[in-house]
Amino acid sequence: MSRSLALEVAVQDAAGVRVAREIGAARVELTQGLALGGLTPSAATLDLALEVSADGGPEIHVLVRPRAGGFQYDAGELETIERDIRFAVERGAHGVVIGAQDASGGLDADALKRLRDAAGEASVTLHRVIDVTPDLLASLAIVRELGFARVLTSGGASAAIDGVDTLRALVSAAEGAVQIMAGSGVTSANVVEIAGTGVDAVHFSAKRTVVEQGGVRMGSASDGVGGYEVTDLAEAQAVRTALGL
């Protein structure tokens, strides 16, 4: 593509960071529990990711989300998020990925300001909480006012490919002041169309599921011990190739 387009890979471990490094991704979003939309990763996971990314690898941006479910947080949950942000930044993370809603469903500007301040000089990304707010353009205006670096969004749809019209509108409204990064269901098959909206970056997991069969059920998973997801190098490379990068 003729314009600059950053790649961000959502990964759950150091192996995923290695894949992101191999394809030349600008960033990773480090998380765990991708099947739940992502949760805060462990301290050891962060340390190992930073080791793999050292000396020219992708930036490590940590998703800070204390639980699955919605994004309206009580005082204790906000305290947890704030402390996890401080911990990640002190540990060496290049940025954090955060979000919070108020009782009306809009962005909780006061909470986001508090969390932004906890990040200090680190880069701050608003996660896909924006996609469940009632007015995405109004939410973007709040993000601009708070000085966030970027917004991760699917354009208000379950998958970015279904939100391309809104993605275009967000790019226009951002006026270059906030980076718009498209994510959710981004694959080598649709990334070119999604990138065509003018977004600044694309975010994808390039994941495949590894399933193990066990004779004794360890939880509610129907396959016994359950499966887990890994970052697939071939798919990650295919995304890059599709974009001509």
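**Helix packing, burial and backbone**

Ala43, Leu46, Asp47 and Leu50 of H2 meet Phe87, Ala88 and Arg91 of H3. Contact here means heavy atoms within 4.5 Å. This is a predicted model, in which local features need pLDDT of at least 70, side-chain atom pairs count only at pLDDT 80 or more, and totals for chains, interfaces and linings use all residues. Residues are numbered from 1 along each chain as its sequence is written, and side-chain values use heavy atoms, with hydrogens and water left out. Helices (H or I, at least four residues) and strands (E, at least two) are DSSP runs, numbered from the N terminus.

Stay with H2 and H3. Their axes are 10 Å apart and the packing angle is about 30°. Axes are lines fitted to C-alpha atoms, for helices over the stretch in contact, and angles run from 0 to 180 degrees between N-to-C directions. H2 is therefore roughly parallel to H3; angles under 35 degrees count as roughly parallel, over 145 as roughly antiparallel, 65 to 115 as roughly perpendicular and the rest as oblique. The crossing of H2 past H3 is right-handed. A crossing is right-handed if the near helix is turned clockwise from the far one by less than a right angle, and left-handed if anticlockwise. By class, the contact of H2 with H3 has 5 nonpolar, no polar and 2 charged residues. Ala, Val, Leu, Ile, Met, Phe, Trp, Tyr, Cys and Pro count as nonpolar, Asp, Glu, Lys and Arg as charged, and the others, Gly among them, as polar.

H3 also packs on helix H4 (residues 109-118), at an angle of about 25° and with axes 8 Å apart. That angle makes H3 roughly parallel to H4. H3 passes H4 in a right-handed crossing. From H3, the contact uses Leu78, Glu79, Ile81, Glu82, Ile85 and Arg86; from H4, it uses Ala111, Arg114, Leu115 and Ala118. The contact of H3 with H4 has 6 nonpolar, no polar and 4 charged residues.

Now look at one residue of H3. Glutamate 77 lies in this helix, which spans residues 75-91. Is glutamate 77 buried or exposed? Its relative accessibility is 18%, so glutamate 77 counts as buried. Buried means under 20% relative accessible area, exposed over 50%, and partly exposed in between (1.4 Å probe, protein chains only). The side chain of glutamate 77 makes a polar contact with the side chain of arginine 67, at 2.6 Å. A polar contact is a pair of N or O atoms within 3.5 Å; within protein, one must be able to donate a hydrogen and the other to accept it, and residues adjacent in sequence count only if both atoms are side-chain atoms. Not counting residues up to four places away in sequence, glutamate 77 touches Arg67 and Gln72.

Threonine 40 sits in the loop between S2 and H2. At 15% relative accessibility, this threonine counts as buried. The side chain of threonine 40 reaches the backbone nitrogen of arginine 65 at 2.8 Å. Beyond four places in sequence, threonine 40 touches Gln32, Leu63, Val64, Arg65, Pro66 and Asp84.

Turn to helix H1 (residues 14-22). Ala14, Gly16, Val17, Val19 and Ala20 of H1 are buried. Their cover includes strand S1 (6-11), strand S2 (27-30), helix H2 (43-53), strand S3 (59-63), strand S10 (227-231) and helix H8 (233-242). At the start of H1, a side-chain oxygen of aspartate 13 comes within 3.3 Å of the backbone nitrogen of alanine 15. Just after H1, glycine 24 takes a positive phi of about 75°.

Most residues other than glycine have a negative phi. Aspartate 55 has a positive phi of about 60° although it is not a glycine. Aspartate 55 is in the loop between H2 and S3, and at 77% relative accessibility it counts as exposed. Alanine 206, also not a glycine, has a positive phi of about 45°. Its loop joins strand S8 (201-204) and strand S9 (207-211). Alanine 206 counts as buried, at 6% relative accessibility.

End at serine 158, in the loop between strand S6 (150-153) and helix H6 (164-174). Serine 158 is exposed, with a relative accessible area of 69%. Leaving aside neighbours within four places in sequence, serine 158 is in contact with Arg128 and Ser184.
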